[in-house]
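Good morning, colleagues. Please turn to the structure on the screen while I describe its architecture and a few individual residues.

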Amino acid sequence: MNRLTRITAILIQLQSKRIVTAKEIASRFGISLRTVYRDIKTLQDAGVPIGSENGVGYFLVDGYRLPPVSLTEEEANALIVSEEFIRRQGDRSLSRNYDSVITKIKSTLRGFQKDNIEFLAKRTISFVKGEVIESNWLSEIQKAISNKKVLDITYRSIYKEELTDRKIEPQAVYFTNNLWIVIAHCQLREESREFRLDRINRLVVTFETFEPNPKFSLQNYFECFQV
């Protein structure tokens, strides 16, 4: 990758997150931290409003936006693989939102790229073993996680088929054995629990907020519970 292409890619990376560290940039492009600092200064000298926080990272000043990004053929092809997975993962809310965003992305492609990915879509398939278990709550739960909102749910237990009303503080979600699961602190049981999304009969995002456990990580969680 030549320097001009890399600097453009760094600018796109800066727009993708609120804060990007120099280490993240160096790791992505296989360059030294010194080269990162030089590339950032080049962008700043060109008038791009890049701010920085010592010990935190770089950020684009609010209000600055790049023009629409053009995708390479390889990047456009990658969309096909993700599209196949999303269509078969089972949660309807995620499928709806993905269809919306993928349509917007495809609208930016050039004519020949649109033809090529339509052709490739007919030649790409992913097989999921076993029955995919449908749900419809993933998008709301993801939003609640990021906004730290308590969820009010009615849950149907797996073994007793009992319905209980609970308030939960969602921490994370994961996909396993063809179904989605949310890890949450259950206020009713006063402990961390797992809830299958297909077992949630009712879900309401409340106005109540919570402070997430700063020590929680999926890696530690799976290591401790050997999921």
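By contact I shall mean heavy atoms within 4.5 Å. The model before you is a predicted one.

With that cut-off in mind, consider T164, a residue of strand β4. Not counting residues up to four places away in sequence, T164 touches I153, T154 and Y155. The side chain of T164 also makes a polar contact, at 2.8 Å, with the side chain of R166.

What is the order of the strands in the open sheet? The sheet has 5 strands, arranged β6-β5-β4-β3-β7 with antiparallel pairing. At its edges are β6, residues 191-196, and β7, residues 200-209, each of which pairs on one side only. From one strand to the next, the twist averages 45 degrees. For D152, the bridge partner in β7 is V204.

Helix α7, residues 138-147, lies across β3, β4, β5 and β7. Its direction is at about 90 degrees to β4.

I turn to the nonpolar cores. Which residues touch the most other members of the largest core? They are I141, I153 and F195, in a core of 27 residues. At least two residues of this core come from each of α4, α5, α7, β3, β4, β5 and β7. Leaving aside neighbours within four places in sequence, I153 is in contact with T164, D165, R166, I168, F195, I200, R202 and L203. There is also a second, separate core of 18 residues, which includes I7, L11, I31 and L60. In general, nonpolar side chains in soluble globular proteins tend to be buried together.

Next, helix α2, which spans residues 22-29. Which residues of α2 are buried? The buried residues are A22, I25, A26 and F29. They lie on the same side of α2 because they cover an arc of only 95 degrees around the axis. The general principle is that an α-helix has 3.6 residues a turn, so residues three or four places apart point the same way. On the other side of α2, K23 and S27 are exposed. The buried residues of α2 pack against α1, α3 and β2. After α2 comes G30, with a positive phi near 65 degrees.

Most residues other than glycine have a negative phi. N177, however, has a positive phi of about 50 degrees although it is not a glycine. This residue, N177, is found in the loop between β4 and β5. Is N177 buried or exposed? N177 counts as exposed because its relative accessibility is 67%, the cut-off being over 50%. E190, in the loop between β5 and β6, likewise has a positive phi, near 55 degrees, in a residue other than glycine. E190 is exposed as well, with a relative accessible area of 66%.

Finally, S157 lies in the loop between β3 and β4. The side chain of S157 reaches the backbone nitrogen of E161 at 3.1 Å. Leaving aside neighbours within four places in sequence, S157 is in contact with E162 and R199.

Notes. Residues numbered from 1 in each chain as written. Predicted model: local features only at pLDDT ≥ 70, side-chain atom pairs only at ≥ 80, totals over all residues. Heavy atoms only, no water. Helix = DSSP H or I, 4+ residues; strand = E, 2+ residues; numbered from the N terminus. Polar contact = N/O pair within 3.5 Å; in protein donor to acceptor, adjacent residues only side chain to side chain. Pairing = 2+ DSSP bridges. Axes fitted to C-alpha atoms, helices over the stretch in contact; angles between N-to-C directions. Buried < 20%, exposed > 50% of the residue type's maximum accessible area, 1.4 Å probe, protein only. Arc of directions from axis to C-beta. Core = buried A, V, L, I, M, F, W, Y, C linked by side-chain atoms within 4.5 Å.
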